Amino acid sequence: MTLNRRAFIGTGAAAAAMLSAPMLGAQGKPRVVVVGGGAGGATAARYIAKDSDGAIDVTLVEPTRAYYTCFFSNLYIGGFRELSSIGHSYGTLASEYGVNVVHDWAVGIDREAKTVTLAGGAVLPYDRLILSPGIDFVEESVPGWSVAAQNKMPHAYKAGSQTELLKAQIEAMPEGGLYAMVAPPNPYRCPPGPYERISMVAHLLKQINPTAKILIADPKDKFSKQALFEEGWQKHYGGMVERIGPDFGGGNVSVNPDEMTLDIDGSVENVNVCNVIPAQKAGRICDMAGITEGNWAPVVPATMQSRMDENIHVLGDATSQGDMPKSGYSANSQAKVAAMAVRGALTDSKVFPAKFSNTCWSLIDADDGVKVGASYEATEEKIAKVDGFISQTGEDAALRKATYEESVGWYAGITEDMFG
Ligand SMILES: Cc1cc2nc3c(=O)[nH]c(=O)nc-3n(C[C@H](O)[C@H](O)[C@H](O)COP(=O)(O)OP(=O)(O)OC[C@H]3O[C@@H](n4cnc5c(N)ncnc54)[C@H](O)[C@@H]3O)c2cc1C
């Protein structure tokens, strides 16, 4: 029968039952749609499909066929990795775990109807929706810069062609030229990321252009692993790196991409490369779904459900959740908590208390790796830090080499955990 609005209202109890019961997919299974096939989304899709043994129909929506991890993208800039080594595809998620991978953009979410509309026109119904779209940039946060200027002044904060472009620009710098970075305000993806990048740019320039200079305009008073980075820059790249913090106008910055100039507090510099990392916000599909508060999507820590819609879980960088940094490791950890909660809700499987962990490794120079990390638990209010650790200044070379090797093992393990 065709269900028009009057007939639908008239069905009373039957209509109520339809609204509360999971919408069954083609094979009578509950449906999960995951938007974003990065660190959080790929992990969630894999764990739900794997652990439900085919009892849940999982569709992953991701526009790109190859996902390049931002993690280790700085090592590509430094010459420690090939770009191909940080690219991952979705074949194993489809063939081994039965995830239905759809390469398209999600462009609309109807929370009443519980559907996701794709750019190609398809409409996907869901019982639970998982959003892990990563970040977008806050417009006008760096006056003079917009996404339209990203080929002149790359951000390289979404990995792939932007990272290749930035490296090519650094390699093409004239002898003794200037690389500038406009660092982002808090909170942003990967707190040590800009400073690991500075280390890797310095490593590359030291080989190919040793008289070149690096300038950082930074709106923050302090930054992640600051003592470790500053010690490393002094030790390996003495005199090459200058950072201008907020006291000297590091937060009062504008750029002119056509002129290739950077204005710091009224003082204009000609720059050869300008790596602008703007202020960030949740990937825009979160705004379109109406689940953001300010720039980010608040979540319930125990399940990663949106505080605005219990049928939507949000993961990774897009969330506001408490103490965890925005990292790939955090997104992966949160995805496993969400996957367990979704399975529990849709198939009555057992749900254990949420536990989270994170480590952020950074490479300062060859075999000079450092790390910061912590474990976390879910409280009512936030994901709360339980205990943490951090590398120390003055550590010996053997320990730093071991830390770097640990990070290489972590990369291999976590990307397998995400993409299979
Ligand atoms: C330079 C740098 C270094 C870093 N180093 C580390 C590190 O060493 N360790 C670490 O743990 N983390 C690191 N990170 C951080 C890490 O990359 C992110 O925190 C992590 O990728 C976040 O995962 P996510 O799932 O939230 O987003 P992402 O991994 O960015 O995935 C989002 C995906 O969603 C897709 N998407 C967006 N919108 C839509 C839509 N509307 N429809 C469909 N798909 C959509 C995108 O195409 C993308 O593939 C680093 C980041 C940078 C920039």
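Visitor: How far apart are the mean positions of the positive and negative charges of the protein chain?
Guide: This is a predicted model, in which local features need pLDDT of at least 70 and side-chain atom pairs count only at pLDDT 80 or more, while totals for chains, interfaces and linings use all residues. Side-chain values use heavy atoms, without hydrogens and water, and residues are numbered from 1 along each chain as its sequence is written. Lys and Arg count as positive, Asp and Glu as negative, with His and the chain ends not counted; each charge is placed at NZ of Lys, CZ of Arg, CG of Asp or CD of Glu. For the 36 positive and 48 negative charges, the mean positions are apart by 5 Å.

Visitor: What radius of gyration does the protein chain have?
Guide: The radius is taken over C-alpha atoms, and the globule rule is 2.2 Å times the number of residues to the power 0.38. For 420 residues, a compact globule would have a value near 22 Å; the protein chain agrees with this, at 23 Å.

Visitor: What percentage of the residues count as buried?
Guide: Buried means under 20% relative accessible area, exposed over 50%, and partly exposed in between, with a 1.4 Å probe and protein chains only. Of the 420 residues of the protein chain, the buried share is 53%.

Visitor: How many residues does domain 2 give to the contact with domain 1?
Guide: By an automatic or database domain assignment, domain 1 covers 28–136 + 281–350 and domain 2 covers 140–278. Their centres, taken over C-alpha atoms, are separated by 30 Å. Contact means heavy atoms within 4.5 Å; domain 1 gives 19 residues, and domain 2 gives 21 residues.
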